[in-house]
Amino acid sequence: MTDCSPLAVAMEEEESTAMSMDVEESPSTSIAPRDPPKIQRLEESVVNRIAAGEVIQRPVSAVKELVENSLDADSTSISVTVKDGGLKLIQVSDDGHGIRREDLPILCERHTTSKLSKYEDLFSLSSMGFRGEALASMTYVAHVTVTTITKGQIHGHRVSYRDGVMEHEPKACAAVKGTQIMVENLFYNMIARRKTLQNSADDYGKIVDLLSRMAIHHNNVSFSCRKHGAVKADVHSVVSSSRLDSIRSVYGVSVAKSLIKVEVSSGESSGCAFDMEGFVSNSNYVAKKTILVLFINDRLVECSALKRAIEIVYAATLPKASKPFVYMSINLPREHVDINIHPTKKEVSLLNQEIMIEMIQSEVELKLRNTNDTRTFQEQKVEYIQSTLKSSRSDTPVSPLPSGQKTPKVPVHKMVRTDSSDPAGRLHAFLQPKPHNLPDTVSSLSAVRSSIRQRRNPKETADLSSVQELLSGVDGCCHPGLLETVRNCTYVGMADDVFALVQYQTHLYLANVVNLSKELMYQQTLRRFAHFNAIQLSDPAPLSELILLALQEEDLDPENNEKDHLKERIAEMNTELLMEKVEMLEEYFSVFIDSDGNLSRLPVILDQYTPDMDRVPEFLLCLGNDVEWEDEKACFQGVSAAIGNFYAMHPPLLPNPSGDGVRFYYTKTSEKSSQENPALGGNVEMESVLDQDLLSDAETAWAQREWSIQHVLFPSMRLFLKPPASMASNGTFVKVASLEKLYKIFERC
């Protein structure tokens, strides 16, 4: 029954009033209901940047995509250079088929690919890439530059990309076979991502691990990976005939000798058709973590289920739950694999995966049980090897000392300090020569050098007897002592504009870079005779104007106009002479002059080196004046000498901007005094202004020259230069310090 008394009615009214007051005072009820947010379409640039962050998760993702593109291009050599873990620079160079000039405009657009044209192609795909997102994604989070050349082209093309489009038209440039892609300033516009990747050592380790895994499986391709500026590569694999040799060269002998081969083959009758071959570690292998190198249909992937299954086998079979090393290559019908389930393609989905893993697990367990009867412990033998460098042209065999006899102690003043980052020409002196009963497949350092020479110089000599006589003269005049010095010296740095400091054993030398580079270019011109690659000039230059310019530069009195007619006549005569020799210059030296008298092509003497184009006028004048055209041998020698002088690493024409040289880049400008009028006899103040553009050009030219000397000239000298005897007395090499003599001086002090 409801209580309707006056007291109850009053209490109800009071409660309702209080509740209404509470509702009015509540801040949550005072706000009006919010309207549903409007759905809008994201801008294309935002969508592309989000997608790029999924495909390129970290630097190793970019390296993987670029290396897979190189493999798709049928490359036989892939080189990777990394700076700051890949955040500042990733450079991938290959010798594949290259990219066509007409494909460059859409190269970095999203979903542009040569791998497939319709969705059904995914079920029969044999290439690494297929979505056309990798290069596009890189352009949205980094600065990408592509240099490429295809077969039959006389020059390559270079173009930069940003946000999927070209920043400029492709520029003609000198290029070696294949493609080079540079990815700079990765994640420059993704601050949070970049800050989380500051540990460059960790990212570089991931890149080294990736290249090591690739090198094992693709043993028909040579891989190298190094830090920017380092001479020694952290990954260096050569083409090998067997996969076990690849594992030995990448992961070491201790891993390779602990492996056993496993194979599984299954037909359609078992419900899962596949073939597997690989290597697994035996009981002698001890490690703290599992290494699983897995390739499915030649694609590097991860499979956590297979990894767990193998670890279970090892935990149950071997003592102390040893962690294994496993390499497996699985091939199965392409229609049984879905490769499009992960943005970075590191995972795949397999048909009948459980059956396949169970069969592999059983085979691995069987192999382990059969080889686990005994465990082998390797006996370590100590052999004394003489490690003193010998100053002879051929390496003498080093034999172990008789038992019980100690190695002679090397005096302190004869100890050679060497640069561990530069192994060229030194490591073989510390190693014992291989016995004669080893198989011929084990290559020595000399064999590697021979292969490098063959790669860089496809044909050492031409068929012409005159060229062979010139090369024989180079070999006959070679100084044995200087040859040993050049082969085994270590570059220290530039002492001044002309001389570089080099160390050989306990001696320090000043080496004349201009003389050395001139002789090297001359010898390389003879060796590459009639087999040059070419540098295509972007703008053909008239011969007559270039020769006239060279004559004006040589004139000691340029203000005197009386000789202008004579200079023009000399330029005209030299132009006519060179026009008569265009066929010979093009065929033998790749110097191309068109019918209008324009120079448009020059030879490549050393790969990755472009001469100073400011010296082209001097080169043409030298061809016209200094070459004996009537005698064949003298003609070839004169042209080769002119090319050698042109390609030599002369100091740039601009003064060196370092130190006091910066004063040449100040210009004087007049300025009115703020107090008096110059027209009335007032003062005129002179102000010095630094020409920033000219200074920047000079700094770039000098830095490029020093880089070329260290990374192009000296490595090439070690391989190719045969120094003539005249260099021993003409000041090309000057000894400035000797460790033995320094010790004598210190002893007297």
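This is a predicted model: local features need pLDDT of at least 70, side-chain atom pairs count only at pLDDT 80 or more; totals for chains, interfaces and linings use all residues.
Visitor: Which residues does Thr179 touch?

Guide: Contact means heavy atoms within 4.5 Å. Not counting residues up to four places away in sequence, Thr179 touches Val92, Ser93, Asp94, Gly98, Ile99, Val146, Thr147 and Thr148. With the side chain of Thr148, the Thr179 side chain also makes a polar contact at 3.1 Å. A polar contact is a pair of N or O atoms within 3.5 Å; within protein, one must be able to donate a hydrogen and the other to accept it, and residues adjacent in sequence count only if both atoms are side-chain atoms.

Visitor: Where does Thr179 lie?

Guide: Thr179 lies in strand 7, residues 178-184. Helices (H or I, at least four residues) and strands (E, at least two) are DSSP runs, numbered from the N terminus.

Visitor: How do I read a sheet, and what is the order of the open sheet of 4 strands?

Guide: Two strands pair if DSSP finds at least two bridges between them. In a regular strand the side chains alternate between the two faces of the sheet. Here the order is 17-18-19-25, with antiparallel pairing. Strand 17 (490-494) and strand 25 (733-738) are at the edges with a single partner strand each, so one side of each has no neighbour in the sheet. On average, neighbouring strands of this sheet are turned by 30 degrees against each other, direction ignored. Strand 19 (residues 507-512) pairs with strand 25 over 5 bridges, and His507 has Ser738 as its bridge partner.

Visitor: Which helix packs on the sheet?

Guide: Axes are lines fitted to C-alpha atoms, for helices over the stretch in contact, and angles run from 0 to 180 degrees between N-to-C directions. Helix 15 packs there, touching strand 17, strand 18 (499-504), strand 19 and strand 25, and its direction makes about 70 degrees with that of strand 19. Helix 21 (residues 692-720) lies across strand 17 and strand 18, at about 155 degrees to strand 17.

Visitor: How many aromatic pairs does the structure hold?

Guide: A pair of aromatic rings is described by the distance of the centres and the angle of the planes. Rings of Phe, Tyr and Trp (its six-membered ring) pair if their centres lie within 6.5 Å; planes under 30 degrees apart count as stacked, over 60 as edge-to-face and the rest as tilted. The structure holds 11 aromatic pairs. For Tyr509 and Phe733, the centres are 6.4 Å apart and the planes at 90 degrees, so this pair is edge-to-face. The pair links distant parts of the chain, with Tyr509 in strand 19 and Phe733 in strand 25, 224 residues apart. Tyr509 is buried at 14% relative accessible area, and Phe733 is buried at 13%.

Methods:
Residues are numbered from 1 along each chain as its sequence is written. Side-chain values use heavy atoms; hydrogens and water are left out. Buried means under 20% relative accessible area, exposed over 50%, partly exposed in between (1.4 Å probe, protein chains only).
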